[in-house]
Amino acid sequence: MATEEIRICGTVQGVGFRPTVYRLAKACGLHGDVCNDGQGVLIRVSGSEEAITEFVARLQTECPPLARINQLTRIIYEGELKFDNFVISTSVSNAMKTEITPDAATCPQCQQEIFDPFSRFYRYPFTNCTHCGPRLSIIRAIPYDRCNTSMSAFAMCSECAKEYHDVENRRFHAQPVACHACGPTAWLERADGKSVTASMFSMLDDVDAVCTLLQKGEIVAIKGLSGIHLACDATQETAVQKLRQRKRRYHKPFALMARDIEIIEEYCTVNAKEKELLISSAAPIVLLQATGKKVVAPSIASGQNTLGFMLPYTPLHHLILRRMNRPIVLTSGNLVDEPQCIDNNEAREKLGTIADYFLFHNRKIINRVDDSVVRVIGDKVQTIRRARGYAPAPISLPQGFQNVPQILAMGSELKNTFCLLRQGEAVLSQHLGDLENAAAFNAYQDTLNLYLNLFEHQPEVIAIDKHPEYLSSKFGKELADTNQIKIHQIQHHHAHIAACMAENGITLDSPGVLGIALDGLGYGDDGTLWGGEFLLADYRKFRRLATFKPVAMVGGEQAIYQPWRNTYAQLITANLWNDFQQQYSDLEIVKFLNKKPLKLLNQLMEKGINSPPASSVGRLFDAVAAAIGIYRDECSYEGQAAIAMEAIVDVSSLNNHKETPKYPFNFIFSDSIYCIDPRPMWQALLNDLQQQIPEPVMAAKFHKGLANAIVEMVKHLCQENLINQVVLTGGVFQNCILLEQVTKQLQTLEIKILTHSLVPANDGGLSLGQAVIAAAQLIHEC
């Protein structure tokens, strides 16, 4: 007989792990016990060596759906086990290494129960078990017990309590367990305050009535798992336009929800990897290629060839969509640029002029968590927004980061997340939005305080972005001053590169990589704005090897939302404007620009007033899009023109195996740095405009030419600096055409390519990079 102590660390509490251990131990004929403690799960077993080995193997292959084993260690147990059976012992209180499970989509068993007339959970909108349901969204303190969640307001009935205490039941210790008799309830309200009953629609109940309202073209605010959404029929253009006008969200794509995969496939192509994501416990929004077999309302995603679909992820959504044979819009319930509403009264106040009806419930949402967004490029998942279903699951850090002190990284200004570093793991917050909005910044501070308390995190170092005006940086400095904590200022693009290195497991002491960081902009070490960078970087330091030629952002932030400004600045910088007016005077872009206050713009650029030079590739995309006629005058959100240009690319021209024309770029060396100059690209593009080359072909030639310029620069820099690993990062690399073109060419050079998957390539992943850089610098100092 052998006796062992088995320690399991990871996401193993509150996910049905102990019942699984109990079931497998019994099946393998083992004696002993299992308990939760501050480190995870502790198992003591006795039996034959073969039985224990089989038990450990089955633990890893039959792990509960929401559990994750990060580490499993086995040692000989020296004590005496006085068990003639296998039991679940009382939890042990000791030093906590808390992991909080992300909210999880309704499991198949719970789905079956809510549609089973003989189940006591029939049509119950808040059915859940240890395999699914709310976690992060309802927790207010640790440990994750019912009394520390918003379910504390609902005392379990005898039936629920029986299942909760039954180790053989999948609701064993499921903290949010509830039913019709004891749990939260949902009800329908009219936005105008008049009374409404389900009998008005001859429906089963208020939840079922929502389906009828949506089919009639009404807008309904639906309180869900971790926020309130606004919904309407996605096939009715009148309803969609009404929602856009009321919400003042005029162009940004709307997310869609459909009852099942079959309905989604009527509108989009869904491959195996995309289907896997849709039906996963995370249930994110997945960006899918629209097929055109059936079409949604035209204004759902104007100027794009993809649609963002998700499946129902709560019983409430499943019940609403039971009779819905077409998609619905399900977009955040908020005023423009503000955080999503989570409180009933707040929704009545802020959404009362947008929604016609409200579907509310009385379970309080403690923690706002937006829907996650992902897409598949090639065969790899790319996370665009990491939130519900993924956060706050920890990311294991590479070798060398195991014993670093606790670090807090504050993130960026836009698409903000923050990061807690501890014990070899990084805990990233959910997506918190753009901090320029006061309400978003307040929510950021509240969420940070919650995480610091939940994870018992006492940072010894705070990492911030170098930009002096970022609110996250200013707040980080205040925290550091107040608590007398050391602060590390991290360069924006170095953080992008380090985040990609960390999620790809690059060890602390690995040699440097060539990081290519392409984005809108970030604060450079020289005080200028960077956004198209080639950096030789490791975790501790970096050296700028190459960049894109800086061009003025005329009007500062206005250049982000008025793409024509970038076109004009590019032509001025390339010394093409005078020739441009003479040679191409008949072009629409010339006539358009000549109607603008060019003398004033020239003065701003000459005097350096509100026209900072930036090497931004994001703004280069905007400039080219505007030149060929895409969102030339105005954009309602950053990157709109670039996204629309990607959508129209002539793929057949792009993938032609013969020599396909591509726009050329120059390479210059100045002030000890290489520079990519787009001047010849502009000359070629202007010629194409004059020859009336179709927009999709010009868009393809730009993408292919830019990819070629990047690869040529990589070839030169890798040879010159003896580098064999390249990191592709920054929001511009969310462009799947550019990413695929660069990746394909680099693969032929046998260069190892690192890209993002776990965290966004955009600023949503920045805090992870800040944290690991601060950790590496701290270790180096010691």
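What is the handedness of the crossing of α11 and α12? In this predicted model, the crossing is right-handed. Helix α11 spans residues 438-454. Helix α12 covers residues 471-483. The two pack at an angle of about 40°. Their axes lie 11 Å apart. At such an angle, α11 and α12 are therefore oblique to each other. On the α11 side, the contact is made by F441, Y444, Q445 and L448. These meet L471, S472, F475 and L479 of α12. Sorted by class, this contact of α11 with α12 has six nonpolar and two polar residues, and no charged residues.

Helix α15 runs over residues 564-573, and helix α18 over residues 598-607. Here the packing angle is about 65°. The axes of α15 and α18 are 12 Å apart. The crossing in which α15 passes α18 is right-handed. From α15, the residues in contact are W564, R565, Y568, A569 and I572. Their counterparts in α18 are L598, L601, N602 and M605. By class, the contact of α15 with α18 has seven nonpolar residues, one polar residue and one charged residue.

The loop from α15 to α16 (577-583) holds N575. N575 counts as exposed, because its relative accessibility is 60% and the exposed class begins over 50%. In sequence, N575 and R679 are 104 residues apart. In space, the C-alpha atoms of N575 and R679 are 8.4 Å apart.

Helix α19 is formed by residues 617-628, and A627 lies within it. A627 has a relative accessible area of 2%, so it is buried. Beyond its neighbours within four places in sequence, A627 is in contact with T567, I589, R632, W682, L685 and L689. A627 and V551 are 76 residues apart in sequence. Their C-alpha atoms are 16 Å apart in space. The loop between α19 and α20 (640-648) contains Y631. Phi of Y631 is near 45°, a positive value in a residue other than glycine. Y631 counts as partly exposed, because its relative accessibility is 22%.

The phi of R248 is about 60°, although R248 is not a glycine. R248 has a relative accessible area of 47%, so it is partly exposed.

Helix α5 comprises residues 206-215 and is mostly covered. How many of its ten residues are buried? The count is nine. The buried residues are D206, V207, D208, A209, V210, C211, T212, L213 and L214. Their cover includes the strands β6 (186-190), β7 (220-223) and β8 (228-233). It also includes helix α9 (315-320), together with strands β13 (328-332) and β14 (357-361). At the start of α5, D205 places a side-chain oxygen within 3.2 Å of the backbone nitrogen of V207. Just after α5, G217 takes a positive phi of about 90°.

Two further loops contain local features. One lies between β16 (380-385) and β17 (395-396), and P392 is found there. The peptide bond from A391 to P392 is cis. Its omega is near 5°. The other loop lies between β31 (752-754) and α25 (766-781), and N762 is found in it. Is N762 buried or exposed? N762 is buried, because its relative accessible area is 5% and the buried class lies under 20%. The side chain of N762 makes a polar contact with the side chain of Q734, at 2.6 Å. Not counting residues up to four places away in sequence, N762 touches I384, K415, H496, G730, G731 and Q734.

Methods. Residues are numbered from 1 along each chain as its sequence is written. This is a predicted model: local features need pLDDT of at least 70, side-chain atom pairs count only at pLDDT 80 or more; totals for chains, interfaces and linings use all residues. Side-chain values use heavy atoms; hydrogens and water are left out. Axes are lines fitted to C-alpha atoms, for helices over the stretch in contact, and angles run from 0 to 180 degrees between N-to-C directions. Helices (H or I, at least four residues) and strands (E, at least two) are DSSP runs, numbered from the N terminus. A crossing is left-handed if the near helix is turned anticlockwise from the far one by less than a right angle, and right-handed if clockwise. Contact means heavy atoms within 4.5 Å. Ala, Val, Leu, Ile, Met, Phe, Trp, Tyr, Cys and Pro count as nonpolar, Asp, Glu, Lys and Arg as charged, and the others, Gly among them, as polar. Buried means under 20% relative accessible area, exposed over 50%, partly exposed in between (1.4 Å probe, protein chains only). Angles under 35 degrees count as roughly parallel, over 145 as roughly antiparallel, 65 to 115 as roughly perpendicular and the rest as oblique. A polar contact is a pair of N or O atoms within 3.5 Å; within protein, one must be able to donate a hydrogen and the other to accept it, and residues adjacent in sequence count only if both atoms are side-chain atoms.
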